[in-house]
Structures are given as C-alpha cells and as structure tokens.
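Dear colleague,

I am passing on the structure we spoke about, together with notes on what was found in it. Please read the notes with the model open beside you.

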There are 2 protein chains.
Amino acid sequence: MTRTSLKDWNCSLARSLDIIGDKWAMLIVRNAFFGTTTFSGFQAELGIAKNILTNRLKHLTENGILRRLEKDGCYPRYKLTPAGWELSTVFIALLQWGDKHVPPPGGPPLQIVDRETLQPIRALALQSGDGKPLSTKEVRFAKTPADFEKR
Amino acid sequence: MTRTSLKDWNCSLARSLDIIGDKWAMLIVRNAFFGTTTFSGFQAELGIAKNILTNRLKHLTENGILRRLEKDGCYPRYKLTPAGWELSTVFIALLQWGDKHVPPPGGPPLQIVDRETLQPIRALALQSGDGKPLSTKEVRFAKTPADFEKR
C-alpha cells in the first residue's frame, strides 16, 4: 500500500502500522465496526474516491482485517475478521484521546457502550501487573531488558 | 498534511486520525517515547526522507503533540507535550494487537514496563462501567443514544 513497507521491521507497532497506519484504512475499519459492509456503503459514508477505497479494501482483506464474502448475484460484502474486531482497543484509545484533546464543537459525538446494558464502558487505562493504575509517565517502552540500563 | 482534512468531521476518532493517522507521524511519536529528541536522531533511527520528517515534525508541533525547544547555538529539540504522552494508550493498543496478530519472527521485541518496578504492565482491556471484562463483541460504537434502536 505504501512505498516504504514496515513489514520487516522488528517491531510489532511498526508492523501494525503497516496494516492500518493509514487514515482511510482506519476509517473503513471504524465504519465496519458501525455495521457497514458494502463498497457503496463505505463510499457514501466516507466520501472516499473509488480507487482509494478499492485499494484499501483489498489491502485490509489481504492482511486479514476484513473478509470478502461473495454470493451469486450479489455485490460482495466485507466483514471484520476476529483480528479486525480486536482492533477495537486501538480505536477506543484513539477515540478517548480525541474526546479529550480535540473534541468536536458539540462535545463527544460517539459513545462506546456495553452491548448488553447500553451503558458506557470504562476508559482504557494503564495498569501495573498487579492492577495498580499507572499514569503515562509511569510506564516506559523498552526494546530489550538490557536496554533498561542505558537511559 | 493530507489533501482530505478530517478536522471538521463530527467524530473524535476522525479528528485524532487527522493528527496522527499517518505512519510516519506515529513512528516519530513512538521514537519520542523512546527518548529521541533531535531531527538527526529521528532521521537516523527511522530512515525517513528529510522533507517528510520536516513536514511531520511541523505538523506534530502545530497540533500540540510535540514541543519545539530552541536554545542559542543548539539544534532544536522536540519533546512530547502532555497530550503527546497520553497517546501512549493508542501505542500500547497497537503494540499489543501487533504482538498477537503480526508478531515479528523472533517474538515481541518491545516490552512496556512499570517504570518503578520494571515489570511488564497489564494488557489494555475493555471493561464495563462496573469493571466487568468485556470482549470486543460485547461492546458497540453508537453515534447517539437514538442510534441504539436502529440496528
């Protein structure tokens, strides 16, 4: 999809970004969460150019985020795979960050709710191994255990 | 940064993506988490073209993710703002997804640890308002409360 592939980088984050680190790919997955399944549905909702949409649907299907379902006489439908569904933590983290730092004028327009009770879910939060809440400054990324000592 | 701005969309997710929904922007923020602060540092670590790096650093600074610090006789340094630090939940969600679904050949190469104990943190997980663990299929995104009834 992009000229510089990150697929071979030794980093799961870069490898994830190689699949969904693109605004249109993310918005397609977002709308798949909302229940959109067809080319024309994604096109109408996102106002995305057809060639870009074709390219991104192919990319997301090849990378196991969407499944393409074909039935005689029908247009194909695109549904999230289990791996696609598991991107929800990424989306919820992005949504919660946006609600806080770049809220739209009318306030947060999307809610994430428990499907059963329709009540809002908790904000995603960092926790230590034994369940203690951690602020962002209380965690660190480390490449290897040996890397801890260097900083 | 992109031709189609999502800034005016009435969705915090789209608004977040307008700021960091770009592979290079995300990788720059990732390396800022690791402690990189200089143009030449980002350039060497990411192998990114200088014009793209200049563009992305400007974009991230203008959008309040990085602060540009200048000191007489020194090259400028770029540091994460508090809002930039709070992107850590997004990164951790992407990293955990990648570790599970697209792990590098040698296994997960990055660890996220509690800065104090150096022990790995818990995986981010969805929880209901009263703390019950929820699977991805047990939550839903809803545009408005009225939207609940339609699906």
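**What was found**

The centres of domain 1 of chain A and domain 2 of chain A, taken over C-alpha atoms, are separated by 25 Å. Those two domains cover residues 12-85 and 94-150 of chain A, with bounds that come from an automatic or database domain assignment.

Before going further, please note that this is a predicted model, in which local features need pLDDT of at least 70, side-chain atom pairs count only at pLDDT 80 or more, and totals for chains, interfaces and linings use all residues. Residues are numbered from 1 along each chain as its sequence is written, while chains are lettered from A and ligands numbered from 1 in the order in which they are written.

Chain A has 6 helices and 4 strands (DSSP runs, H or I of at least four residues for helices and E of at least two for strands, numbered from the N terminus), and along the sequence they follow the pattern α-α-α-α-β-β-α-α-β-β. Of its 151 residues, 36% count as buried; a residue is buried if 20 or more other C-beta atoms, placed from the backbone, lie within 10 Å of its own, exposed if 12 or fewer, and partly exposed in between.

**How the two chains meet**

In all, 69 residues of chain B are in contact with 68 residues of chain A. On the side of chain B that touches chain A, helix 6 of chain B supplies the largest share, 11 residues. That side divides into 37 nonpolar, 17 polar and 15 charged residues, where Ala, Val, Leu, Ile, Met, Phe, Trp, Tyr, Cys and Pro count as nonpolar, Asp, Glu, Lys and Arg as charged, and the others, Gly among them, as polar.

**Helix 4 of chain B**

In this helix, B:R56, B:L57, B:H59 and B:L60 are buried. Seen down the axis of helix 4 of chain B, the buried residues fall within an arc of 165 degrees, so they line one face of the helix; the arc is that of the directions from the helix axis to the C-beta atoms. Their cover includes helix 2, helix 3 (39-46), strand 1 (66-69) and strand 2 (77-80) of chain B. On the other side of helix 4 of chain B, B:K50, B:N51 and B:E62 are exposed. B:G64, which follows the helix, has a positive phi, near 75 degrees.

**Single residues**

A:T61 lies in helix 4 (residues 50-62) of chain A and is partly exposed, with 15 other C-beta atoms within 10 Å. Leaving aside neighbours within four places in sequence, A:T61 is in contact with A:L66 and A:R68.

A:L118 is in the loop between strand 3 (111-114) and strand 4 (139-142) of chain A, and its phi is positive, near 60 degrees, in a residue other than glycine. With 13 C-beta neighbours inside 10 Å, A:L118 counts as partly exposed, whereas B:L118, with 12, counts as exposed.

With best wishes

Definitions and conventions: Contact = placed C-beta atoms within 7 Å.
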